[in-house]
Amino acid sequence: MTVLNSSYASCRKVCELCPGEQIGSFVAVDYVLFAAVLVISALIGVYYMVKEYLAAKAATSEDVLMGGRDIGIFPIAMSLMASFMSAITVLGTPTEMYNNNTSYWIAGLSMIITVIVTNHVFLPFFHDLSLTSAYEYLERRFNRAVRVCASIIFMLNMLLYMGVVLYAPSLALNQVTGLKLELSIVCIGLVCTFYTALGGLRAVVWTDTFQTFVVMAGLIAIIVVGSRDLGGFGEVWDIANKGGRIQFIDWDPNPTTRHSIWALIIGSFFGQLTIYAANQTMIQRYLAIKEIQNSQKALYLSLPLTLILSTVVCLVGLVIYATYHDCDPYLLDMVHARDQLLPFLVMDKLTFLPGLPGLFVACLFSASLSSISSGLNALAIVILEDILKLWWDYRGNAPSPLWQGRIAKLLGLFAGGLVIGIAFLSQFLGQTVLQIMLSIFGMVGGPLLGLFISGIFFPFINSTGALCGLITSAVMAFWVGVGGTVLLPVPEVMHVSTEMCSIIQRNCSSSSNSTISSTISSTIAATTQATLSSEDNLWIYHLSYLWYGLFATLISLIVGILVTFITSCCLGFNEPEDVDANLIHRLVDRVCCFLPVTCQRVHRMEKYKDDFELATVNGAMNHGFESSETKMDDFGEKKLGG
């Protein structure tokens, strides 16, 4: 009886709505709070611009794009967490809990492995090279063509991602709160572009810090209020458990199983590694701190913050399910997509206290702001370092550092304009765009991760093999990812209904009621038909999206190795003098001891210098070698031969 009473109370307001009616609306305080967050974000950019002006210091491109490499540990840690805490995370994760179960929470635990590997394998490597753009490494390791191709893929990835990140919350809020879509896109895009272009990386990381607190405050308020209305969080958990939503582990090894434990741990690890080890947005933050130890501390500090956020958004999803499982707003045609259930819940439950809905709107758009600002700054770096500077070097007329700083700010404005344009174009791309975006880092980041692994850990892979691997991997990953997203239907949502609304009397016209009934029938029929037709598609399209990153990485490595062996028959393999030892990770010396002597010598060169000098002092090198260089080479081969 208690469950029935709580379900009746939670569904009553929804079931009494007629089609086309809104469940709540903003008041003046909500608009004030929403505007305040945007104004504060913009003022942070103004603050750093004025600070530079009063200090009589002209900002160079290094200051704008890398924060002068003197930013503190805490703001960088908050920015690392906030960089990909977009509206897709805030809206999409609760929807995953509502539609399926809690298994996705396990993917957050793979972050522990990701952070450890990044901190002790990739971060020190990039930090020692003192790069501004991560793709500088690719030119030094391979050639300029590989660098440019990787940079172009990254730019397309981030532009498309940020455009949808801006469009998704604007769409949800337009349909749920009545805010105009065009106004939302333009305002948020302009504010974000404004403070990114003016303040550079310092403004980005401090704004990320501010916005992270706003996001967490809004989500926690939703959990507290929603649980209270249902009789406590224990009641929320019981309802979710009875609805089959509490399920964490599926041991099925089939790669087409959407969320098996293997996909959630191994697949998510590689998917996250595409962000933490091969994405300019993250690498830029590591390099913004001068000391390696402090960069590692910042990344470790971001780990518990990220896990807390992951847990909070999952709990929000359980609250949404417990609230609407008997009066699904999607089946009732109150929302156009289930991604809008979170803002729908906010307008349903938080309007009792003026200002709380405004706080959530600020929370939602802050999540988008953090992602877009980070991406804009990273785009400005890649365009400046990997495109313009290469062109200037070719022409032989590079501008001064002062003008490069100004150009960096203009690039932020230019990239922001492109993002706003893509957000408008997203209206015509269909609802599958959000699903594509959830897989985009696996589809595009996977080839880039494979390219970086080829360069860092496989010294015998040449530039031709690396380039062929990158292109082949990108084509294959897009074929599988886009094909699986477009051709396969969205899985049917189980254990949701409109049963409670058959009990609650609605004062609507008969035509409105018949419209709702026909909507429910057509939704069920469409789902059934789509499920039947999906069986005719290729097996590879059913691959879980969590495997996209690993799939693309393996294709890149396999093709790169094969092409290298084929071309090396004509051109010859890489010799130690062909590859700078600093461009190869020292870890390979330990785990790849089975490689040919020629390859091992690349990693052992520095160690040989120390051993050679010591051996010389001890009189161990009196063997009649022709030169010191020959001596060291022969000494290295002798050491390798054991």
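1. Burial and overall make-up. Of the 642 residues in the chain, buried residues make up 57%, a value that refers to a predicted model. The secondary structure comes to 23 helices and 0 strands. Among contacts between residues at least 6 apart in sequence, 86% join residues at least 24 apart.

2. The packing of α6 on α11. Helix α6, which spans residues 105-129, packs against helix α11, residues 261-276, at an angle of about 45 degrees, and the two axes are 8 Å apart. That angle makes α6 oblique to α11, and the crossing of the two helices is right-handed. On the α6 side the contact includes I106, A107, S110, M111, I113, T114, V117, T118 and F122, which meet I261, L264, I265, S268, F269, Q272, L273 and Y276 of α11. By residue class, this contact divides into 12 nonpolar and 5 polar residues, with no charged residue.

3. The packing of α5 on α14. Helices α5 and α14 pack at an angle of about 95 degrees, with their axes 8 Å apart. Since angles of 65 to 115 degrees count as roughly perpendicular, α5 and α14 are therefore roughly perpendicular to each other. The contact is made by V90, L91, P94 and Y98 in α5, which meet L341, L342 and P343 in α14. Its residues divide into 7 nonpolar, no polar and no charged.

4. The burial of α14. Helix α14 is mostly covered, with 9 of its 9 residues buried. The buried residues of α14 include L341, L342 and P343, which are also the α14 residues that meet α5. Further along α14, F344, L345, V346 and M347 are buried, and D348 and K349 are buried as well.

5. The salt bridge between R258 and E96. The structure holds 5 salt bridges, and one of them joins R258 to E96, with the closest N and O atoms 2.9 Å apart. Because R258 lies in the loop between α10 (233-242) and α11 whereas E96 belongs to helix α5 (residues 87-99), the pair ties together parts that are 162 residues apart in sequence.

6. The salt bridge between R338 and D328. The side chains of R338 and D328 meet in a salt bridge with an N to O distance of 2.8 Å. R338 and D328 both lie in the loop between α13 (292-324) and α14 (341-349), 10 residues apart. R338 is buried, and D328 is buried too.

7. The remaining ion pairs. Salt bridges that share partners join E139, R144 and R147 into one network. A further salt bridge brings together the side chains of R228 and D229, at 3.3 Å from N to O. In that pair R228 is exposed, with a relative accessible area of 51%, and since the cut-off for exposed is over 50%, a careful description would quote the value of 51% together with the class.

Key
Residues are numbered from 1 along each chain as its sequence is written. This is a predicted model: local features need pLDDT of at least 70, side-chain atom pairs count only at pLDDT 80 or more; totals for chains, interfaces and linings use all residues. Side-chain values use heavy atoms; hydrogens and water are left out. Axes are lines fitted to C-alpha atoms, for helices over the stretch in contact, and angles run from 0 to 180 degrees between N-to-C directions. Helices (H or I, at least four residues) and strands (E, at least two) are DSSP runs, numbered from the N terminus. Angles under 35 degrees count as roughly parallel, over 145 as roughly antiparallel, 65 to 115 as roughly perpendicular and the rest as oblique. A crossing is left-handed if the near helix is turned anticlockwise from the far one by less than a right angle, and right-handed if clockwise. Contact means heavy atoms within 4.5 Å. Ala, Val, Leu, Ile, Met, Phe, Trp, Tyr, Cys and Pro count as nonpolar, Asp, Glu, Lys and Arg as charged, and the others, Gly among them, as polar. A salt bridge is a side-chain nitrogen of Lys or Arg within 4 Å of a carboxyl oxygen of Asp or Glu. Buried means under 20% relative accessible area, exposed over 50%, partly exposed in between (1.4 Å probe, protein chains only).
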